[in-house]
Amino acid sequence: MAARFCRFLLLAVFLGELNASSNRPAVNQELSNIFNELWGLDVNRMNPGIDYTIAVQGRAGFVSQGSLVVQDHASLPLFSNVNEAKLGNMTTFSRLMKLLDNYERSTGITERVTTEEQTEISLFLDAVLETQVMKRAHQYLVSKGKSRSDLRLFKSQLSLIWFHLYHRQRNTGPDSCGFEHVFVGETRSGTEIIGFHNWVQFYLQEKNSQLDYKGYKAREHDLPDQDDHVLNLQFSWHGVLKPVGSAFIGTSPEFEMAIFTIIFLMNTERSTTVLVNIDQCQLELVVVRQGRCLGTAYPKLLSSNSRHVRGHAR
């Protein structure tokens, strides 16, 4: 009887995993190829263990949205060290950091962009467009008929997608944009963190004691380590909890903007999820539209250290 039960249990687990994998989209090989090409061109990417050090620590538990009680599974910050001198000497990073304090944290408060802030956005886009990563992304999009070859028009296209203000909360003025949501983060009704998918902002907010890392989120057999460039995680920001978040770690802003811009322009659905293999990771990349602008974009790590490759080889 016990043996029969064990066989039933193993079958149930196998079918459950099979069903979970069958619900995922197939690996998009074309996007995997171009994204790996961009990965290879990302010379501004920070190197784990050299340019920064993270401590993933414990696995965070399940917490419902809006909960005020959470067990902290990470007694230390996520980032124990970041080479700020190198960060500040790379133009796209230094210009990114100038944009991070330009936005109201809470949705429902009308954003007002000053002339100085508009100049900062323009200079940031100029720097991004000068990188080999974005040049290759532009070339790819032109070949697909999704962008014009004129660099000024492509800059305007990026500005519309990422920086055009729109209404995220009704009955207010324009209170959000794709860049703010993804790179800076927002709070809604004071009880929910939305967006916030950039590692530089995470590091700076953690350094200033505005953010508390609670632990990583992963399956039992796929534990992250300090070398992973994508991490699913749990954290609180200004006292508000994000039960499950995600971010690339160490990557340049141009790389993140390039891959999400490609997905945005190559699809027309309101919400798009693509399954890709980048470097040693298999991940889902999610992009949600807000009309002609970006609503949100984020990675979701499925496996790292080429475990998905070894899994297929078994």
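The legends below describe close-up views of a predicted model.

**View 1. The open sheet β8-β9-β10.**
Three strands form an open sheet in the order β8-β9-β10, and their pairing is antiparallel. Strands β8 (271-278) and β10 (293-303) are the edges, each pairing on one side only. From one strand to the next, the twist averages 20 degrees.

**View 2**
Strand β9 (residues 281-290) runs antiparallel to β10 and is joined to β10 by nine bridges.

**View 3. The largest nonpolar core and L285.**
The largest nonpolar core has 77 residues. Those with the most contacts inside this core are F35, L38, F79, W162, F179 and L285. Helix α10 gives the largest share of the core, nine residues. Not counting residues up to four places away in sequence, L285 touches residues including F35, F248, I259, F260, I263, V274, V276, I278 and Y298.

**View 4. The buried face of helix α4.**
In helix α4 (residues 91-99), the buried residues are T92, F93, L96 and L99. Seen down the axis of α4, these residues fall within an arc of 115 degrees, so they line one face of the helix. An α-helix has 3.6 residues a turn, so residues three or four places apart point the same way. The cover over the buried residues of α4 includes α3 (84-89), α5 (115-129), α7 (151-163), α8 (178-184), α9 (199-207) and α10.

Note on methods: Residues numbered from 1 in each chain as written. Predicted model: local features only at pLDDT ≥ 70, side-chain atom pairs only at ≥ 80, totals over all residues. Heavy atoms only, no water. Pairing = 2+ DSSP bridges. Helix = DSSP H or I, 4+ residues; strand = E, 2+ residues; numbered from the N terminus. Axes fitted to C-alpha atoms, helices over the stretch in contact; angles between N-to-C directions. Core = buried A, V, L, I, M, F, W, Y, C linked by side-chain atoms within 4.5 Å. Buried < 20%, exposed > 50% of the residue type's maximum accessible area, 1.4 Å probe, protein only. Contact = heavy atoms within 4.5 Å. Arc of directions from axis to C-beta.
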